[in-house]
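Have a look at it first, and then we'll go through its helix packing, its salt bridges and one loop.

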Amino acid sequence: MLISDLKQKIFSVETTPVKTHKVVKIFGVKLKIRCDGNRKACNQLIADIRKNCVLIVETNNCHYEVIPGFAKYFIELGYNVDIAVCGDERLDFLSDALRSVRVYNLGEKDIERLLSAAAICKYRYIVFNSAIKYVGGGATNAPEMPLVTDYYKNIAADMSKMIFIQHHMERQGINRNQIALVDLHNPYSSRFYIVNPHYFGKVKITPKSKDITKFIVVGGISSWRKNYDLLIASVRRLAKLTDKFKVIVVGAGQKLQIDGDAAKYFDIRGRLPYREMFAAMEEADFFLCLLDPENPDHDRYVSMGTSGSFQLIYGFAKLCLIQSKFAAAYEFNHTNSLVYENNADLVPLMQQAIEMDGAAYARLQSELKNKAKNIRERSLRNLKLLLEMIDSVR
């Protein structure tokens with residue numbers, strides 16, 4: 001063995017592909033150290049800003065699922081799009097779907113360096129994909145979380161060309177250029193331009209499976225997001241009636257306590273890269289929203305916030321099972337989804353979904369696709385109106 005090879009086995013340092021971490025290996029033990037920057041990519045972006053270009057920037061490690069839809073809308077309106085993210089999430093699927101989009105993976109330091117660079121004034125608009133910067137490990141909807149313009153104090157661009165996506169509609173706006181993802185028909189959403197992005201690239205819209213019906217749940221595993229206890233209890237009850245189903249669970253968080261015979265009906269996949277999550281969505285037949293009218297934490301989904309689940313439901317035309325309180329807020333009904341009144345009704349509705357034939361499924365799916373199409377058309381009009389308003393006051 002060469003001495004160089006031996007040294008490599010004892011000690012080595014590599015940089016992750018997105019340049020945000022160093023991987024140090026000592027005697028086979030790997031340590032991942034955040035280096036918090038990608039100076040080369042930041043410099044490339046600043047040096048080559050295209051004409052008529054929009055910058056979409058995400059300063060958190062979340063909300064990535066809405067970026068493709070916003071990029072698609074801007075492209076359809078005739079703009080070039082650059083995307084800068086601070087985490088090590090990969091948006092390679094986006095580059096495949098939208099060839100003209102350029103994606104830059106930066107660390108926290110280089111996000112700050114980018115925003116303070118005078119060159120960003122060349123962008124036609126700058127879209128903050130999250131209006132709030134999540135810091136300190138607190139609850140993401142806590143009122144003490146700073147606005148991005150308070151956290152990054154040296155943003156070089158003019159405030160008038162900045163657009164903010166607000167995922168917490170109870171918060172005060174930074175300027176008039178405010179976007180929300182859903183119209184909940186209340187004083188919160190009335191302050192915003194409603195633009196719902198549900199484009200995920202070249203995905204397959206699939207028919208109902210012929211043998212085993214597959215339900216899917218996507219999202220963080222925690223009680224304040226979804227009622228997973230209801231899911232487990234429902235599967236136990238449903239298993240006594242039929243064995244023609246599976247439940248795919250995608251997401252990180254608390255470990256689900258599933259024991260006994262119910263375990264064989266679950267396919268727990270954890271948090272997945274986007275491509276794998278998309279494949280799981282294509283594989284599934286029905287989406288379980290698991291929003292609970294008896295849980296006060298879930299009230300925010302009908303008042304001041306929304307769930308990424310709905311973007312997936314629209315983008316993949318996946319029929320959802322949803323409780324009536326939340327169905328009414330999002331205009332789901334018996335023509336485009338499966339609606340139940342009480343938590344106890346989820347089991348018979350899941351059984352109904354399993355027994356549904358392909359033709360009935362196709363009819364509901366067609367209505368859901370029409371709903372998504374209408375949302376898309378309205379969103380594109382609203383975004384165009386917002387941009388015209390910004391241009392009119394410059």
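Of the 394 residues in the protein, 54% are buried, where buried means under 20% relative accessible area, exposed means over 50% and partly exposed is in between, using a 1.4 Å probe and protein chains only. Keep in mind that this is a predicted model: local features need pLDDT of at least 70, side-chain atom pairs count only at pLDDT 80 or more, and totals for chains, interfaces and linings use all residues. Residues are numbered from 1 along each chain as its sequence is written, and side-chain values use heavy atoms, with hydrogens and water left out.

The protein has 12 helices and 16 strands. Both kinds of element are DSSP runs numbered from the N terminus, with at least four residues (H or I) for a helix and at least two (E) for a strand. As for contacts, meaning heavy atoms within 4.5 Å, 67% of those with a separation of 6 or more join residues 24 or more positions apart.

**How the helices pack**

Two packed helices are described by the angle between their axes and the distance between the axes. Here the axes are lines fitted to C-alpha atoms, for helices over the stretch in contact, and the angles run from 0 to 180 degrees between N-to-C directions. Angles under 35 degrees count as roughly parallel, over 145 as roughly antiparallel, 65 to 115 as roughly perpendicular and the rest as oblique.

Let's start with helix H3 (residues 67–76) and helix H12 (residues 358–392), whose axes come within 10 Å and cross at roughly 65 degrees. That makes H3 roughly perpendicular to H12. The crossing of H3 past H12 is right-handed; a crossing gets that name if the near helix is turned clockwise from the far one by less than a right angle, and left-handed if anticlockwise. On the H3 side the contact is made by Lys72, Tyr73, Phe74 and Glu76, and on the H12 side by Arg376, Ser379, Leu380, Leu383 and Leu387. Sorted by class, that gives five nonpolar, one polar and three charged residues. Ala, Val, Leu, Ile, Met, Phe, Trp, Tyr, Cys and Pro count as nonpolar, Asp, Glu, Lys and Arg as charged, and the others, Gly among them, as polar.

Next come helix H7 (residues 228–239) and helix H11 (residues 346–355), which pack at an angle of about 60 degrees with their axes 9 Å apart. H7 and H11 are therefore oblique to each other, and H7 passes H11 in a right-handed crossing. Leu230, Ser234, Arg237 and Leu238 of H7 make the contact with Leu346, Val347, Met350, Gln351 and Ile354 of H11. In this contact you'll find six nonpolar, two polar and one charged residues.

How do H2 and H5 cross? The axes of helix H2 (residues 39–47) and H5 come within 9 Å, at roughly 20 degrees. That makes H2 roughly parallel to H5, and the crossing of the two is right-handed. Arg39, Cys42, Leu45 and Ile46 in H2 meet Asp110, Arg113 and Leu114 in H5.

**Salt bridges**

A salt bridge is a side-chain nitrogen of Lys or Arg within 4 Å of a carboxyl oxygen of Asp or Glu. The count by this rule is 16 salt bridges. Here are a few of them:

| Pair | N to O distance |
|---|---|
| Lys72 and Glu76 | 2.5 Å |
| Arg102 and Asp82 | 2.9 Å |
| Glu108 and Lys133 | 2.9 Å |

Lys72 and Glu76 sit four residues apart in helix H3, about one turn of the helix. Lys72 counts as partly exposed at 21% relative accessibility, and Glu76 is partly exposed too, at 32%.

The salt bridge between Arg102 and Asp82 joins strand S6 (residues 102–105) to strand S5 (residues 80–85), so the pair ties together parts that are 20 residues apart in sequence. Are Arg102 and Asp82 buried or exposed? Both are buried.

In the salt bridge of Glu108 with Lys133, Glu108 belongs to helix H5 (residues 108–116) and Lys133 to the loop between strand S7 (125–128) and helix H6 (148–151), 25 residues apart. Glu108 and Lys133 are both buried. Salt bridges that share partners also join Asp48, Arg50, Asp82 and Arg102 into one network.

Finally, find Val302 in the loop between strand S14 (286–288) and helix H9 (308–316). Its C-alpha atom is 9.6 Å from that of Asp183, 119 residues away along the chain. Leaving out residues up to four places away in sequence, Val302 touches Leu184, Asn186, Lys325, Phe326 and Ala329.
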